[in-house]
Amino acid sequence: MATTAGAAAAVLLLLLLSATTTTISLSYPIMGLDSFLSQQSRLDPQATNDSFLSLPYHLRKTLSSASTHHRHLISSLQLSLSVSLRVILVGPSFLSDAPSLLSSYISAVSSSDHFHVISPFSTDHRHHTKHSLHLDVSLASSSFSSQISDALRSQISNTPNSLRSPLISIPYTTVDNIVRQHFEKEKPHEGVYIYLLNLGSQSKSYAYNYGSGESSPAFTKCFGSLWTGKDRYLWVDLAAGPVDYGPALSGDGVLPRGEFHPLASLHGGPKSQKALLADFASLVYSAYQVLVVPSLRIPVPFENSLIVQFVHVYGGESKDSNGLDWKTIERTFMDEVNEGGLLLGDQSLRFKTYDLRYADCAICSFAISRSTNSYTSRFLFDNYTLIVSEYLDSKRLHQILLDSADEFRRLANIPEEDFGRVLPVYVFDLDQNALLLLDRYHQSVAFKDMVIAVRTRNAQTVSDYSCNGRHMFTQTRELDRPLVGSILQSMWGVSPTHLSWSPRHNSTLVDYTWSVGQTPFGPFSETLSLSFVQKDAARRNILLTSLNYSLTSAIDVLESIAAHGGERNLLKHGRLVEFVQRWNLFKYKLDKAVSALSHLDFEMALYFLRSSDHDLYAIHSLVYHASQEMEASLVCFKDPPFPWASFSGSVMVVFALFYVYTKREKLFSNKRKQF
């Protein structure tokens, strides 16, 4: 896609430099157009009508005349979102020059970059749209710092020491209640707020507990030092911990022990303020990339109707709803929908449940048996012993389910949906005692067109992850949280908080820094609820996909115009005027959509994108009909006169060379000396 766009830019730039008088794209606001479009958004919020047909004459005339040089046509399609990020430094340890230093460090490493897709439908991971960081760093008031410090000190003094961990656990609400109140007072909110807390050392080492209860020999709770709120804020307690979590032995994404991770900067040897602020800058920039402008898991087109079909394939004589509560999963999403999150415009979300006995489903048995693979592991008992274990190949199972979709619908009595996007969620609840996971490690796997989950009677297993020195246990019967995360990936393209696409590495990076607290992803979190990260990403992904489609389609139509000799040769006068007006209005609406996205006004961005589709369709229609009417013509020209002068000169040169050759003995003979 990027190569095609670059080639189109080169061809069009050469072609259009000759047409210096043509007017195409706007460079400044048009008086009255903003108010007209605002009125149209109130009258027609779903943009079902073409606003161009209602444009007053003076606005159409302005769209025909006010524009920039034609050579900026391609560059005008390079759109960039300005993302606001406000960092608040909390604690007496931050000096007065800390905001300026931190801001300079972050600005040094940040640059305008494209949005990326981890698993695109094509080979190109890069979107046309860019994002740029707009940063504001400030110091918190001393009263705010004292309020958090007093609450923290009181909670620590009232919490007994832990017998199993050097860290005592305190509820995250101790700090979050105060931070949330401060955030709510900061209205109107511009962008995302990050609170960096440095309140100094406490009498005991501590970390934050995100649920109820404590760890036990059979259950490990992962304590952390950060929290992402439902509203657009997050806070990091730099004095908490030190904490470490990630793969137990080796692998990507581990938080190293000691002071080598920015979260543990305060727990190592003495550092200067500049060194500490450099670590904090890397932490803030990581939060910006992973939480504020995360990669898309998959492209997500806009659909009015979203339908999730739960297909429960259960073994045994009766269903066991313990750990698989469809109502809880549905309520997790519908609560966010009722609060104005996840959905855009007139979108609707429905959940439907279907049951199917494994014994009555021959295709189910075939799919499981064909997808079952085995692997060996070496364990040390009295001596080293090889143990063979089984797992399901998710890709093979996905292909079988895809090929047998009609049979599944027939067996489970699933009706055909006439319109909308349908996401089937297949849960295989097998009546066997042996552990069986997808791809050896996963309870649930998300694909672009379905979600697959599996569980057996086995209740738990030791995972390959550890937190604060203790192995994490996977509760294999509990599928609620894995299913919520998988549905977010497949339906809205939300990336897990530990995955992001890196164009520098040309691969997916794994980092578990932000995988504790309020997130449905990863092995360290326990919560089902969604933070602002998932809610914003769900809506932003749909808009970015639509915007990327519009830009790609616009480049395609410009390539078509270039292939037909340019707009002056292709379009007659009447069509050329309409094309210029349509193009200017299309580009103006895209700019307004990007501006709305920058201000996190997703509904207004949706309106401008849907409204611009009318102009883009009209542009394609103009070019198509004009190309159909073009006729091939043969232009005759007069042959040039015979070049007698050059021909005569050539003959004389050839004759001279021939004469010299024939007289060579006489002209070049050597005279012998006479004695």
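Beyond its neighbours within four places in sequence, T228 is in contact (heavy atoms within 4.5 Å) with Y233, L234, L291, Q518, S531 and F532. T228 belongs to strand β7, residues 226-228, where helices (H or I, at least four residues) and strands (E, at least two) are DSSP runs numbered from the N terminus. With a relative accessible area of 7%, T228 is buried, the term standing for under 20% relative accessible area, with over 50% called exposed and values in between partly exposed (1.4 Å probe, protein chains only).

The structure is a predicted model, in which local features need pLDDT of at least 70 and side-chain atom pairs count only at pLDDT 80 or more, whereas totals for chains, interfaces and linings use all residues. Residues are numbered from 1 along each chain as its sequence is written, and side-chain values use heavy atoms, with hydrogens and water left out. The mean pLDDT, the predictor's confidence in each residue on a scale from 0 to 100, is 86 for the protein, and 88% of the residues reach 70 or more. Over residues 1-27 pLDDT stays under 50, and the model has 58 contacts beyond four places in sequence for this segment; over residues 66-71 pLDDT likewise stays under 50, with 18 such contacts. Where pLDDT is low, the predicted coordinates should not be read in detail.

The protein contains 18 helices and 20 strands, and 50% of its 675 residues count as buried. Among contacts with a separation of 6 or more, 76% are accounted for by residues 24 or more positions apart.

Across the whole structure, five cavities of 30 Å³ or more are found, a volume being the space filled by probe spheres set on the grid points. The largest cavity has a volume of about 150 Å³ and is lined by 17 residues, with V83, V192, V292, R540 and L600 nearest its centre. Two or more residues of this lining come from each of β1 (80-90), α7, α13 (532-563) and α15 (573-598). By class, the lining of the largest cavity comprises 11 nonpolar, four polar and two charged residues, where Ala, Val, Leu, Ile, Met, Phe, Trp, Tyr, Cys and Pro count as nonpolar, Asp, Glu, Lys and Arg as charged, and the others, Gly among them, as polar.

The second largest cavity holds about 70 Å³ of space, and its lining residues include V290, P294, V494, V533 and A537. Helix α13 gives the largest share of this lining, three residues, and the lining divides into seven nonpolar, four polar and no charged residues.

The second largest pocket has a volume of about 510 Å³. Its lining consists of 28 residues, of which Q289, V290, S500, W501 and L509 lie nearest the centre. At least two lining residues are supplied by each of β2 (113-116), α7 (273-292), β19 (499-502) and β20 (507-510), and α7 provides the largest share, six residues. The lining of this pocket has 12 nonpolar, 13 polar and three charged residues.

Technical notes: 1 Å grid on protein atoms, 1.4 Å probe; cavity = no way out; pocket = protein on both sides within 12 Å on 5 of 7 lines; lining within 4 Å.
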